[in-house]
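Biologist: Could you take a close look at one part of this model for me, the helix packing and the loops beside it? I would like the geometry, the residues involved and the cut-offs behind each term.

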Amino acid sequence: MDFADAKTVIRNQVEQRRGPHENPDAPSDRDARVRRALGARLARLRIERELTQKAVAAALGTTQEVVSRYERGKYAPSLAVLLGLRRLFAVTLDYLVAGAAPGELADARLRQLALLADALPPDHRTLVVTALKGLVEAAQADVRRRQGAEDAE
């Protein structure tokens with residue numbers, strides 16, 4: 001997703017959340033709820049990755065206080081900051097802005113690997129997909145074998 005696509009996604013999500021008679025420039029309870037939900041996701045991602053607010057701030061080129069305000073829902077990050085957070089936490093903009101998307105990987109490690117693999121050239125992505133498919137099939141066979149052994153006992 002490039003910058004223009006991300007901007008369009010965010011604009012569409014904001015417009016969907018507004019009622020037909022709301023002033024788009026006036027702050028609303030809905031905007032505050034969105035900021036708080038985004039802040040909670042940021043805090044959770046930071047804690048899951050065992051990062052400090054200061055470390056996140058350094059990665060974004062801002063201060064710890066600004067990161068704290070994002071996490072408390074006091075400030076809404078700019079699109080440039082959201083893109084930086086997406087890279088830092090290896091998640092999608094959709095996840096940062098709106099929460100988990102249907103079909104999104106629940107395991108943060110798999111999400112991060114998927115994003116890293118997706119950035120590879122096409123021939124290398126094919127190698128990763130082939131290797132991963134083989135590993136998943138082997139793991140599934142092992143699970144079935146173990147379940148069969150437990151059922152036989």
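Modeller: Happy to! Val 56, Ala 59 and Leu 60 of H3 meet Val 81, Gly 84, Leu 85, Leu 88 and Phe 89 of H5, where contact means heavy atoms within 4.5 Å. By class, that contact holds 7 nonpolar residues, 1 polar and no charged ones. Here Ala, Val, Leu, Ile, Met, Phe, Trp, Tyr, Cys and Pro count as nonpolar, Asp, Glu, Lys and Arg as charged, and the others, Gly among them, as polar.

A word on the ground rules. This is a predicted model, in which local features need pLDDT of at least 70, side-chain atom pairs count only at pLDDT 80 or more, and totals for chains, interfaces and linings use all residues. Residues are numbered from 1 along each chain as its sequence is written, and side-chain values use heavy atoms, with hydrogens and water left out. The helices (H or I, at least four residues) are DSSP runs numbered from the N terminus.

Now the geometry. H3 and H5 pack at an angle of about 120°, with their axes 10 Å apart; axes are lines fitted to C-alpha atoms over the stretch in contact, and angles run from 0 to 180 degrees between N-to-C directions. H3 and H5 are therefore oblique to each other, a term for angles that are not under 35 degrees (roughly parallel), over 145 (roughly antiparallel) or 65 to 115 (roughly perpendicular). Their crossing is right-handed.

H5 also packs against H2, at an angle of about 30° and with the axes 11 Å apart, so H2 and H5 are roughly parallel. H2 passes H5 in a left-handed crossing: the near helix is turned anticlockwise from the far one by less than a right angle, whereas clockwise would be right-handed. From H2, the contact takes Leu 38, Leu 42, Leu 45 and Arg 46, and from H5, Leu 82, Leu 85 and Phe 89. These residues divide into 6 nonpolar, no polar and 1 charged.

On to the loops. Glu 50 lies between helix H2 (29-48) and helix H3 (53-60), and has a positive phi of about 55° although it is not a glycine. Glu 50 counts as exposed because its relative accessibility is 73%. Ala 90 sits in the loop between helix H5 (79-89) and helix H6 (93-98). Ala 90, too, is a residue other than glycine with a positive phi, near 55°, but it counts as buried because its relative accessibility is 8%. Buried means under 20% relative accessible area, exposed over 50% and partly exposed in between, with a 1.4 Å probe and protein chains only.

Methods. Helix = DSSP H or I, 4+ residues; strand = E, 2+ residues; numbered from the N terminus.
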